[in-house]
Amino acid sequence: MNHPDESAAPALRRLLDLLASGAATEDFAEVLADARRRGAPAGVLAEIDSATWQALRVHRTLRQHRRREAELTALFDTAGDLAASRDLDTVLQAIVRRARMLLGTDTAYLTLPDEAAGDTYMRVTDGSVSVLFQTLRLSLGDGLGGLVAQTARPYATPDYRTDERFHHTGTIDAGVLDEGLVAIIGVPLLLGGQVIGVLFAADRSPRAFSPDEVALLCTLAAHAAIALDTAKSLADTRAALAELNAANELVRAHSAAVQRAEQAHDRLTDLVLRGAEVPDVAAAVAHLLDGEIAVLDAEGEPLAGRSAPAAGLAGAVASSRAEGRSVRHGELWVCAVLAGHDTLGTLVLRGRPDLDDADRRLFERAGVVTALLLLLRRSVAETENRVRGELLTDLLTAPERDPAGLTARGRRLGVDLARPHLVLVAEPADRDVDGRGRLAGAARRYLFGSRGVSAEHGEAVVLLVPVVPGDGDDPEQTADSTARRAAERLARLAGFPVTVGAGRPAAGPAALAASYGEGLRCVRALRVLGRAGEGASARALGFLGVLLGDGHDVDGFVGAVLGPLLAYDARRGTELVRTLRAYFDCGGSLTRAKDELHVHVNTVVQRLDRVEALLGQDWNQPERSLELQLALRLQLLAGGGDG
């Protein structure tokens, strides 16, 4: 048995303590050196040397296990971090940061393929300071990264600048030099055998990467590939969910639009079935679309709602008719109301500059409903007009046969012959044009929506129009203005000029028949005067109207022609009428007129100047002077002169 001082036990216990405390490698060699200094026997020294070598092996193994444990812990932490990341940019940044930390390198970076460009580009960097390096693009096979992407194998180099295994390019080498990188390791991110990226770690000084470091980076790359795919899948899922939500919104919006369209259809159908008129439909559509609706007839005249601006509307109506859809016109929407190829009118929507598809279809459906109403009204009106036209024909043919029966018959048909009416006689301005049928249709459209009646009679078309209270205080002026408006409107509807003559307002069968005769004579007079295509009443024809009119309203004619002079004389006590009569009686001679009047010639001149101021500069023109002379003679014959 060895002496205690010569035993190796204390040294062995010390080696165990060093192993337990994780001491540095050089501390183990100190145990053998200390035994030698104490003069331990050779056998003891040999035993301590062998124990030291075994302790170093254990120490190295423990250190490898600790490092492996640390790497595994880091990998688990990395996996947790990557699993917790949902944003793709966050995932990529976490990958390169963890790679740099695990390998203790100066920088780490990751490249991804660009399928459109056919190369790879620098996606994320950590620890990089070079803008040139951060914007590098690598073609397949170029540089270390290109080779990794091409072969799907990891590559490492202690000095990239001198390594000839890689295909160097000026662009890549410039970027690596600008970043100052020397040692580089790159591993592929594999998913299903396909390279989806390359993960790099690099140092700015020479370094030989061990197989363990390569394996560690490959393990990280495997985690990263899964996390990257998960992030992409999540991004795709989010995109799909967003598209699905958008589709659901569209479906809901479409469903709401369909439901709204059904409700609108039911409401419009109910209006039609209840016998509603065009204004009722316009009001309902205006409420549904939250705007203002105007309904115009084929000539642009308002049937319901506020009148729309006529400027440029014809072009919009033509476009709507050609496209079969509503069109936008400035701040308005315009929809042609069609029945086949026939334009019945126009719908105009204001207050809604923008219409979605659902509201636009609703607006167009309102056009269809409006067309249906207008067709129904036209059909009813044509039927009623045909029956009433027979009444009008009998009235004009034999008014004296049974006046009471005609009046009662008219009342049953909604025509009160006892009330004042205007009789309009219309003919094509060109008598060679066989247009009476078209003119008859134009007359029906002209009277559409009113209580008027029209019929073909002789060579003309006769219209019986009720006198509406408020049209004017003077019935004769009403007749003249109505005739002029009718000539213009009928010309637009018929497509050719129309001459219209109006008789004086009348009530009762006999008076209406007489008014027809007066209107017919007015039409003939307009033709003789070269005014075909115009509208006028007997009064508007001046003295010719006195000759044509059945009433021979002498006082009215005299008042219309000489009224300003008569009023001036009555107010001022002057003798303008007497002076004008003397002037005409003397053949327009001022000298003879002053002798006739017993005044100075300057007085005659001054009075005639006053006449011109009151009557106008054309008072001495042939046609006007003839009218004045006739009025002066009628006044004299009626006892209104001064003798």
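1. In what order do the five strands of the open sheet run, and is their pairing parallel or antiparallel? In this predicted model, the order is S8-S7-S11-S10-S9, and the pairing is antiparallel. The edges are strand S8 (302-304) and strand S9 (327-329), each of which pairs on one side only. Direction ignored, neighbouring strands of this sheet are turned against each other by 35 degrees on average.

2. Look next at one pair within that sheet. Strand S7 (residues 292-297) is joined to strand S11 (residues 342-350) by six bridges, in the antiparallel sense.

3. Helix H9 (residues 278-289) lies across S7, S8 and S11. The direction of H9 is at about 145 degrees to S7. Helix H10 (residues 313-323) also packs on the sheet, where H10 touches S7, S9, strand S10 (332-339) and S11. The direction of H10 makes about 55 degrees with that of S10.

4. Helix H1 (residues 9-21) packs with helix H2 (residues 25-37) at an angle of about 170 degrees, and their axes are 10 Å apart. H1 is therefore roughly antiparallel to H2, since the cut-off for that label is over 145 degrees. On the H1 side, the contact is made by Ala11, Arg14, Leu15, Leu18 and Leu19. H2 contributes Asp27, Phe28, Glu30, Val31 and Asp34. What is the make-up of this contact? Six of its residues are nonpolar, four are charged and none is polar.

5. Most residues other than glycine have a negative phi. Ala152 is not a glycine, yet its phi is positive, at about 60 degrees. Ala152 sits in the loop between helix H6 (143-151) and strand S4 (155-157). Is Ala152 buried, partly exposed or exposed? Its relative accessibility is 27%, so Ala152 counts as partly exposed; that class lies between the 20% and 50% limits.

6. The second case is His598. Its phi is near 60 degrees, again a positive value in a residue other than glycine. Where is His598 found? His598 belongs to the loop between helix H19 (590-597) and helix H20 (601-615). With 72% relative accessibility, His598 counts as exposed, because that label applies over 50%.

How values were computed. Residues are numbered from 1 along each chain as its sequence is written. This is a predicted model: local features need pLDDT of at least 70, side-chain atom pairs count only at pLDDT 80 or more; totals for chains, interfaces and linings use all residues. Side-chain values use heavy atoms; hydrogens and water are left out. Axes are lines fitted to C-alpha atoms, for helices over the stretch in contact, and angles run from 0 to 180 degrees between N-to-C directions. Helices (H or I, at least four residues) and strands (E, at least two) are DSSP runs, numbered from the N terminus. Angles under 35 degrees count as roughly parallel, over 145 as roughly antiparallel, 65 to 115 as roughly perpendicular and the rest as oblique. Contact means heavy atoms within 4.5 Å. Ala, Val, Leu, Ile, Met, Phe, Trp, Tyr, Cys and Pro count as nonpolar, Asp, Glu, Lys and Arg as charged, and the others, Gly among them, as polar. Buried means under 20% relative accessible area, exposed over 50%, partly exposed in between (1.4 Å probe, protein chains only). Two strands pair if DSSP finds at least two bridges between them.
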